[in-house]
Amino acid sequence: APALKLSFLGGVGEIGKNMYVLEYGNDMLVIDAGLTFPSDDMPGIDLIIPDTNYLLQNKDRIKGLIVTHGHEDHIGAIPYFLQNINVPIYATRLTCALIENKLKEHKKIKAKLISVKPKTVIKLGVFSIEFVKVTHSIGGAVGFAITTPAGIYFHTGDFKIDYTPIDGEMMDLARLSEINKKGVLLLTADSTNAERPGFSISEAKVGKTIDNIFSQNKQKRIIVATFASNIYRVQQLLNIAEKYGRKIAFSGRSMINVCETASKLGDLKFNKQNVIDISQVNHYADGEICILSTGTQGEARSALTRMAEGDFNKIEIGENDLIIFSSSAIPGNEKAINNVINLLYKKGAEVIYESIAEVHTSGHAYQEELKTLHALLKPKFFIPVHGEYRHLKAHANLAEDMGMPKQNILVPDLGDQITITKNTLQKTGVVPCGALLIDGVGVSEVGSTILRDRMQLSEEGVCVVVITISMITGALTSKPDIISRGFIYKNDETNIIEEAKNVVINTISQTDFKSQDWGLIKSNIRKNLTGYFARQIKCRPMVIPIILETK
């Protein structure tokens, strides 16, 4: 008999590249298609997306892609996904608009985007999916109550429970308790903040803190860095700036894009007369200006980093500037952010960030909010998702503390395929999963060999050996030429290079020429030179021999 299966192509054991596959019988449903950003050991890689081989093998079974909200780690892989799998995409209005913006950058791709309001139910194959309103740090966020032949499956998406949301639309808690009455077979829920006790700060409280800062600094020019996608934060900042009679200038491409999109949809409401171009800022007194900027993560080319480095021609940071980081550090970016904060302080500015004042709040539920969710839905089975392994484990412990039997909880790994029946929850298989590395524009699988080469180049340098050999005698017709980059200090250069040339000459004289086996000569040069450099300077540059043949 067919059973309900759930597979994880991303988003567990990591924060990012969320992608889940739900299947029953012959029908498949994909939830989210996100990306993640590369770590330091991936030089030159721009993005990482889930490996979708499993979906390609089954593409005729896929009924659609449903999307929880418009953050990159949930929609970033859609343009790549659509290149091979063209299925309809269902999401709320703002999410659709953000996906459309993404697709504009990828010219050829046509998508069938269907905008769905919360409370609506859509039918895809054997699944009927109800969109349930949740609060998060971006508008239009939903969870899904999916009715399957095996029972109801609830997926929260990213969420928090905020009782004073900026748009006045609270998470639909009443609906959760109604769904509970029908019986929830399985819950998968956001675990990002499962280690944090208590409740998250309300978005409205952040607004109050920032309002206070504005009222106490009427003479200063204020620059606020925040995530462009956090429409609610941007809305509050626009309101506060208007309240204190400040003109607003947007800085940074994503900030400008998102604000245009959201105000077209009516999700951002502000007085257009109040917005000026960033180049006009110097025509006003400092106290009449508020700049909204990207660059909360210390990204190298972002507006704020360039201001801090004095490399932003329109804005010069000085003593009368107040910079607010209305954001938190995404793990791994702390060093870059601290660097920007230090540079801003050096320029004489005042800087306020999360550890100094409540100028940011997370979009993800803390422990008490997670408990509320579990209490309202009372699922039979639970799988924590959206978090590193430690977050998933903390969330599993929380469910157990609330009385859920241990055998009804499963902490998943990437690639796990889990089968759920009325009475059982178990891992029954593994699906192909992994990461596709996107470099520039192509979705070629940048393989581990390329990354290994890049790491070697970045850590050890490169040595190119050019030799000319007579085709007739097999002897060198001139001394080898050696070009080195990135591994020899100037003062050692001549001796080491001279020695290296001798190594090459000896290698060639010892290699039997009769077969004219250039491959053998090259590999011997590679082996002997690498050995020589390793002994002499404890370094293994990439050796590239080039052989030119002469008469």
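## Ground rules

The model is predicted, so local features need pLDDT of at least 70 and side-chain atom pairs count only at pLDDT 80 or more, while totals for chains, interfaces and linings use all residues. Residues are numbered from 1 along each chain as its sequence is written, and side-chain values use heavy atoms, with hydrogens and water left out.

## Empty space inside

Rolling a probe the size of a water molecule over the atoms shows where empty space is left. Here the work is done on a 1 Å grid over the protein atoms alone: a cavity is a set of points where a 1.4 Å probe fits but cannot get out, while a pocket is an open set with protein on both sides within 12 Å along at least five of seven lines. A residue counts as lining if it has an atom within 4 Å of a point. Grid points are joined across faces, edges and corners, and a volume is the space filled by probe spheres set on the points.

One cavity of 30 Å³ or more turns up, and the largest cavity holds about 60 Å³. Its lining is made of Thr 135, His 136, Ser 137, Lys 160, Asp 162, Pro 165, Ile 166, Glu 203 and Tyr 232. That lining splits into three nonpolar, three polar and three charged residues. (Ala, Val, Leu, Ile, Met, Phe, Trp, Tyr, Cys and Pro count as nonpolar, Asp, Glu, Lys and Arg as charged, and the others, Gly among them, as polar.)

## The second largest pocket

This pocket has about 590 Å³ of space. Of its 23 lining residues, Arg 93, Gly 140, Asp 167, Glu 169 and Asp 267 lie nearest its centre. The elements giving two or more residues to the lining are α4 (93-105) and α7 (231-243); helices (H or I, at least four residues) and strands (E, at least two) are DSSP runs, numbered from the N terminus. The largest share, three residues, comes from α7. By type, the lining has eight nonpolar, six polar and nine charged residues.

## Cysteines

How many disulfides (pairs of cysteine sulfur atoms within 2.5 Å) are there? The count is zero. For Cys 96, the nearest cysteine sulfur belongs to Cys 259 and is 19 Å away. Cys 96 is also buried (under 20% relative accessible area, with exposed meaning over 50% and partly exposed in between; 1.4 Å probe, protein chains only), at 7%.

Cys 539 has its closest cysteine sulfur in Cys 463, but at 10 Å that is too far for a bond. Cys 539 is buried too, with a relative accessible area of 12%.

## Nonpolar cores

A nonpolar core is a set of buried Ala, Val, Leu, Ile, Met, Phe, Trp, Tyr and Cys residues joined through side-chain atoms within 4.5 Å. The largest has 61 residues, and Leu 55, Leu 65, Ile 78, Phe 81 and Leu 292 touch the most other members. Helix α7 gives the most to this core, with six residues. A second, separate core of 32 residues includes Tyr 90, Leu 124, Ile 383 and Leu 410.

Take Phe 81: leaving aside neighbours within four places in sequence, Phe 81 is in contact (heavy atoms within 4.5 Å) with Met 19, Val 30, Thr 52, Leu 55, Leu 65 and Val 87.

## Two positive phi values

Lys 17 is not a glycine, yet its phi is positive, at about 35°. Lys 17 sits in the loop between β1 (4-10) and β2 (19-24) and is buried, at 4% relative accessible area.

Lys 378 also has a positive phi, near 40°. The loop between α11 (367-377) and β19 (381-385) holds Lys 378, which is exposed at 55%.

Conventions. Disulfide = S-S within 2.5 Å.
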